[in-house]
Amino acid sequence: MAIFDEKTRQQLKTVLDQMKNEVTIVFFSQEIECQTCRDGKRFVNEIASISDKILVEHYSLVTDKDKSDLYGIDKVPAIVLLDKDKNNTRMRFYGIPGGYEINSFLGSILAASGKEEAIPKPIKARIDKIGKPVHIQVFVSLGCPHCPNAVMAGHLLALENENVTADMVETSTFNHLAIRYNVSGVPKVVINDKYEFIGAQPITAYLDAIEKL
Amino acid sequence: MEFNLSAGLFSEGQKFESFHEQTLYDTIIIGAGPAGLTAAVYCMRKGLKTGLITKQVGGQVADTAGIENYLGYRYINGTELVDKFREQVMQFSIAFESESPVQSLQDGQIKEIVLEDGRCLKTRTIIIASGKQSKQLNIPGEVRLIGHGVAYCAICDAPFFVNKKVFVVGGGNSGVEAAIDLAKVAEHVTLIQRRDHLTADKILIDKLADFENVSYLFEHIVTEIKGGNDVESVMIQNKKSLLISEYQTDGVFVQIGLIPNSSFAEKLLDMNKYNEILVDGYCQTNRDGIFAAGDVTSVPYKQIIIACGEGAKAALAATSYLLNQPKE
């Protein structure tokens with residue numbers, strides 16, 4: 001059975017038609033001990049079948065170690081988005097972005113394709129100043145309506161500054177991480193394992209935490 | 001697999017523009033739930049220079065799973081309805097702000113809206129449609145343990161309470177709905193209600209009664225939430241005997257209703273004891289040229305369909321106010 005019904009496929013097409021340039025979805029999976037990898041694979045393949053501008057590369061976390069090292073992937077299923085020149089945008093999804101997260105996934109694909117979003121000047125200046133490596137993890141559940149905004153804020157920072165990597169982490173797939181990071185409310189944002197906050201906060205909240213690092 | 005796609009978010013006809021401090025707007029609408037969005041459509045159709053300031057397009061509707069009482073749709077989910085509202089607003093060029101919330105209002109022939117980032121917007125009329133947000137219990141431990149067992153959104157956070165014990169505070173529609181969502185996954189759900197009966201719709205009460213892992217504490221209130229890093233227990237008082245006992249729990253879902261988002265207007269506008277803005281039948285507040293609509297007002301019965309109607313009324317009232325102003 002297809003992942004997307006015909007109505008959803010049509011809606012996805014109207015969104016993806018707005019892509020400016022090509023985007024590559026790099027998908028990491030593994031054959032065993034990954035219950036959602038098979039659905040993940042179908043998910044990215046179906047998305048790619050909707051738009052000519054979406055390319056997919058499939059790798060194994062284990063046997064394509066050079067690739068998983070290159071993109072810093074440590075768990076599967078994982079998605080990394082590359083821009084038209086195959087540069088890493090540092091926008092990653094761990095777990096399938098279903099439910100409400102389909103919105104953050106589409107938003108990040110459009111952003112990776114070069115569809116520009118107007119960023120207020122003072123915010124842009126603060127983003128440009130980030131000089132240290134920053135790792136943003138946004139923990140989500142798929143039934144959470146506020147979570148996509150939290151993911152997109154993190155991804156915007158990653159796209160705008162090459163020192164930043166931002167992950168969506170879907171908590172039912174990565175339950176052990178939800179436990180390790182003591183997640184019992186989403187969205188939960190963890191920055192460099194040092195600062196955390198709960199709720200969909202404005203981008204300035206991310207910047208406040210990053211500037212304290 | 002389910003997808004809650006908001007295709008309207010990415011609509012190519014995006015006509016939202018930035019606000020300009022030097023522009024004098026005819027009307028600025030605060031809030032983009034059903035009331036604010038309906039007001040926006042009416043104002044734009046009347047040709048007013050309109051702006052819209054909001055935290056979240058859709059307001060409470062964006063957080064609602066399913067809607068069965070908005071005419072025209074026997075069933076529609078919240079995301080979809082918001083999408084349709086948004087599309088209808090976006091056919092017009094409207095100034096839009098979602099990053100910085102409103103801090104305060106200044107009245108005058110020309111009114112000023114001060115945003116938290118310091119910007120000051122000028123307008124001839126204001127329509128306040130800022131809605132409501134979840135009410136907190138205001139008891140010890142609550143704020144400290146938000147995200148560590150204290151939660152306000154059951155559809156978001158229920159997955160973290162699989163096979164755990166949870167308390168739901170509140171016996172209205174949102175409390176009973178939360179208890180249903182949690183009963184599906186949790187080991188046990190205890191619903192605490194201040195009154196001696198549930199006030200939710202019968203259809204929901206019956207649905208909850210089908211679960212065997214739910215118990216009820218009527219005429220009880222929570223007085224404290226305890227725990228180190230995470231919620232460990234709640235102190236619960238019997239309203240009759242006044243005795244307080246401690247119950248072990250992993251989570252507390254607070255669903256005790258809503259409070260109006262009206263604090264930015266408290267110095268300027270008359271409100272009732274619930275901090276709802278008082279309006280007359282024309283959505284007029286006690287200040288000329290300032291109107292209010294929807295859940296933030298004293299208008300009874302908070303419903304999507306009512307908020308839409310009130311938004312339309314406020315927009316028409318603002319338009320007629322502008323027509324009666326002397327030309328400069």
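Student: Is B:Glu219 buried, partly exposed or exposed?

Tutor: Since this is a predicted model, every value here is computed from its atoms. B:Glu219 sits in the loop between strand E14 (214-218) and strand E15 (220-226) of chain B, and it has a positive phi of about 55 degrees although it is not a glycine. Buried means under 20% relative accessible area and exposed means over 50%. With a relative accessible area of 24%, B:Glu219 is therefore partly exposed.

Student: Does A:Asp193 count as buried or exposed?

Tutor: A:Asp193 is found in the loop between E7 and strand E8 (195-198) of chain A, and although it is not a glycine, its phi is positive, at about 55 degrees. Most residues other than glycine have a negative phi. The relative accessibility of A:Asp193 is 55%, and because the cut-off for exposed is over 50%, A:Asp193 counts as exposed.

Student: Which residue does a cis peptide bond join to A:Val186?

Tutor: Most peptide bonds are trans. The bond in question has an omega of about -5 degrees, and the proline concerned lies in the loop between helix H7 (175-180) and strand E7 (188-191) of chain A. The residue joined to A:Val186 by this cis bond is A:Pro187.

Student: In which loop of chain A does A:Pro77 lie?

Tutor: The peptide bond from A:Val76 to A:Pro77 is cis, with omega near 0 degrees. As for its place in the chain, A:Pro77 lies in the loop between helix H3 (65-70) and strand E3 (78-82).

Student: What is the radius of gyration of chain A, and how does it stand against the globule rule?

Tutor: The secondary structure of chain A comes to 8 helices and 8 strands. For its 213 residues the globule rule gives 17 Å, and the value for chain A is close to that, so the chain is as compact as a globular protein of that length. Of these 213 residues, 57% count as buried, and the C-alpha atoms fill a box of roughly 45 × 35 × 35 Å along the principal axes. The radius of gyration of chain A is 16 Å.

Student: How far apart are the end C-alpha atoms of helix H2 (residues 78-90) of chain B?

Tutor: Among the buried residues of H2(B) are B:Leu81, B:Phe85 and B:Val89, and what covers the buried residues of this helix includes helix H1 (34-45) and helix H6 (304-323) of chain B. At 1.5 Å a residue, the 13 residues of H2(B) should span 18 Å, which agrees with the distance between its end C-alpha atoms, 18 Å.

Terms used
Residues numbered from 1 in each chain as written. Chains lettered and ligands numbered in written order. Predicted model: local features only at pLDDT ≥ 70, side-chain atom pairs only at ≥ 80, totals over all residues. Heavy atoms only, no water. Helix = DSSP H or I, 4+ residues; strand = E, 2+ residues; numbered from the N terminus. Rg over C-alpha atoms; globule rule 2.2 N^0.38 Å. Buried < 20%, exposed > 50% of the residue type's maximum accessible area, 1.4 Å probe, protein only. Expected span 1.5 Å × (residues − 1). Contact = heavy atoms within 4.5 Å.
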